[in-house]
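I opened this notebook to record what I looked up in one structure.

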Amino acid sequence: MNTFQPDFIVKFSDGTVVIFDTKAVDQRVEDTKIKQEALFNYLQNMNFNRGYAPKLIGGIVIKIGTQFYLFDGEDYHSYTESTNGWRNFNELIREIDNQVNTMKYLKK
């Protein structure tokens, strides 16, 4: 049995944990699909069992030009096939940053 070894696991100051696997655009799409769907299911199950924030989040990250994009949904497809479900990686970082700042504000 093969194991899934993501490229990055990052824990933010609010406790949010993100799991990223980086891939080249349109390389081994079927393999990436299996990994993303397994990661999606793992994150869903872990978050359900935890039942509280901070959450586990993650997905597949690719680079197009100078920008990074994230797919964190259930039904993976390549970026060149469709950009639906893909979002600029910076959006995720901004969301986490906003959550961290909100937590700091609430703790004061």
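My entries on this chain follow.

**Ground rules**

I am working with a predicted model: local features need pLDDT of at least 70, side-chain atom pairs count only at pLDDT 80 or more, and totals for chains, interfaces and linings use all residues. Residues are numbered from 1 along each chain as its sequence is written, and side-chain values use heavy atoms, with hydrogens and water left out.

**The whole chain**

I looked up the secondary structure first. The protein chain has two helices and five strands. I noted how these are defined: helices (H or I, at least four residues) and strands (E, at least two) are DSSP runs, numbered from the N terminus. Along the sequence the pattern reads β-β-α-β-β-β-α.

Next I checked burial. Of the 108 residues, 33% count as buried. Buried means under 20% relative accessible area, exposed means over 50%, and partly exposed is in between (1.4 Å probe, protein chains only). The accessible surface of the chain is about 7,300 Å², and 53% of that belongs to carbon and sulfur atoms. Such areas come from the Shrake-Rupley method with a 1.4 Å probe; for residues, only the protein chains shown count as cover.

I also looked at contacts (heavy atoms within 4.5 Å). Among those between residues at least 6 apart in sequence, 45% join residues at least 24 apart.

**The sheet**

In what order do the five strands lie in the open sheet? The order is β1-β2-β3-β4-β5, with mixed pairing. β1 (8-11) and β5 (86-88) are at the edges with a single partner strand each, so one side of each has no neighbour in the sheet. On average, neighbouring strands are turned by 35° against each other, direction ignored. Two strands pair if DSSP finds at least two bridges between them.

I followed two of the pairings. β1 and β2 run antiparallel and are joined by four bridges. Isoleucine 9 has isoleucine 19 in β2 as its bridge partner. The hairpin of β1 and β2 has five residues between the strands, and glycine 15 there takes a positive phi near 100°. Strand β2 (residues 17-22) pairs with β3 (residues 56-64) in the parallel sense, over six bridges. Threonine 22 has valine 61 in β3 as its bridge partner.

Helix α1 (residues 29-50) lies across β2, β3 and β4 (67-71), and runs at about 155° to β3. For such angles, axes are lines fitted to C-alpha atoms, for helices over the stretch in contact, and angles run from 0 to 180 degrees between N-to-C directions.

Leucine 70 lies in strand β4. Its relative accessible area is 1%, so leucine 70 is buried. The C-alpha atoms of leucine 70 and phenylalanine 20 are separated by 8.7 Å, though the two residues are 50 apart along the chain.

Arginine 87 is in strand β5. Is arginine 87 buried or exposed? Arginine 87 counts as buried, because its relative accessibility is 17%. Its side chain makes a polar contact of 2.7 Å with that of glutamate 95. A polar contact is a pair of N or O atoms within 3.5 Å; within protein, one must be able to donate a hydrogen and the other to accept it, and residues adjacent in sequence count only if both atoms are side-chain atoms.

**Aromatic rings**

I searched the whole structure and found six aromatic pairs. Rings of Phe, Tyr and Trp (its six-membered ring) pair if their centres lie within 6.5 Å; planes under 30 degrees apart count as stacked, over 60 as edge-to-face and the rest as tilted.

Phenylalanine 71 and tryptophan 86 have ring centres 5.3 Å apart and planes at 55°, so this pair is tilted. Phenylalanine 71 is in strand β4 and tryptophan 86 in strand β5, 15 residues apart. Tyrosine 76 and tryptophan 86 have ring centres 5.8 Å apart and planes at 70°, so this pair is edge-to-face. Tyrosine 76 lies in the loop between β4 and β5. Tyrosine 76 is buried at 7% relative accessibility, and tryptophan 86 is buried at 9%. Ring pairs link Tyr69, Phe71, Tyr76, Tyr79 and Trp86 into a cluster.

**Positive phi in a loop**

Most residues other than glycine have a negative phi. Phi is near 60° for aspartate 26 and near 50° for arginine 28. Aspartate 26 is partly exposed at 38%, whereas arginine 28 is exposed at 62%.
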